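Dear colleague,

Please find the structure below, followed by an account of what was found in it.

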Amino acid sequence: MTESGAKVAVVLSGGGVYGAFEVGVLKALCGGECSTMGCKPLDVDVFTGTSVGSFNAAVMSMQSGVSSASAVKHLEDVWLNCVADCPSQDRANGVYRLRGNPARYLDFNLADAGRALLETAVDASYLTQDLLRRFTSILSAPGSFPRRALGLIDLAAFVSVEPFRELLERNLKLSAVRSSSTMLRIVLTNWTTGEARTFI
């Protein structure tokens, strides 16, 4: 809170990799490295964000009782050790994985065999069900067949965001967000109407 009693708020945007950029900006602002602010550390009262910005905002706001600079250090650690590519931990990244990725088997080892087989079975089941769902939809949808047949092509089916769900479960403590003295506001778009909704 400023001397005038106004609250200090930080708004974090969406856009995937912009989330990593936001960590650097937060480090500069909260660490007192921003000359336009007189090199004074920014102590934030309200974090708000959308998409990846909502993830960063939630991680920052759940750390009540610590300075914003300390909260940024924790957020940076999450990005470096949980989100970014990490070959030493035998994973590509903490956000997504490709289903049925043949490159994964080039670096195969016996210790990983059980997990690889289970993942392959789950992927095959998901891709089969997805293809059947799309095929059924094409048969029942109105319009010309060539136009409907384009619905069979969906590269998004090969991307699994399960690693991101696991990342959220490991790194976001909802009880800490609820009890935090730092306010959190998440902005989402209503898929049907296109209107913004704010979650408090």
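Ser 51 lies in the loop that connects β2 to α2 (52-61); helices here are DSSP runs of H or I with at least four residues, strands are runs of E with at least two, and both are numbered from the N terminus. This is a predicted model, in which local features need pLDDT of at least 70 and side-chain atom pairs count only at pLDDT 80 or more, while totals for chains, interfaces and linings use all residues. Residues are numbered from 1 along each chain as its sequence is written, and side-chain values use heavy atoms, with hydrogens and water left out.

Most residues other than glycine have a negative phi. Ser 51, however, has a positive phi near 55°. Its relative accessibility is 48%, so Ser 51 counts as partly exposed (buried means under 20% relative accessible area, exposed over 50%, partly exposed in between, with a 1.4 Å probe and protein chains only).

Cys 39 also has a positive phi, near 55°. Cys 39 is placed in the loop between α1 (18-30) and β2 (46-49), and its relative accessibility of 44% makes it partly exposed.

The buried residues of α1 are Gly 19, Glu 22, Val 23, Leu 26, Leu 29 and Cys 30. They cover an arc of only 135° around the axis, and therefore lie on the same side of α1; the arc is that of the directions from the helix axis to the C-beta atoms. An α-helix has 3.6 residues a turn, so residues three or four places apart point the same way. Just after α1, Gly 32 takes a positive phi of about 75°.

Yours sincerely
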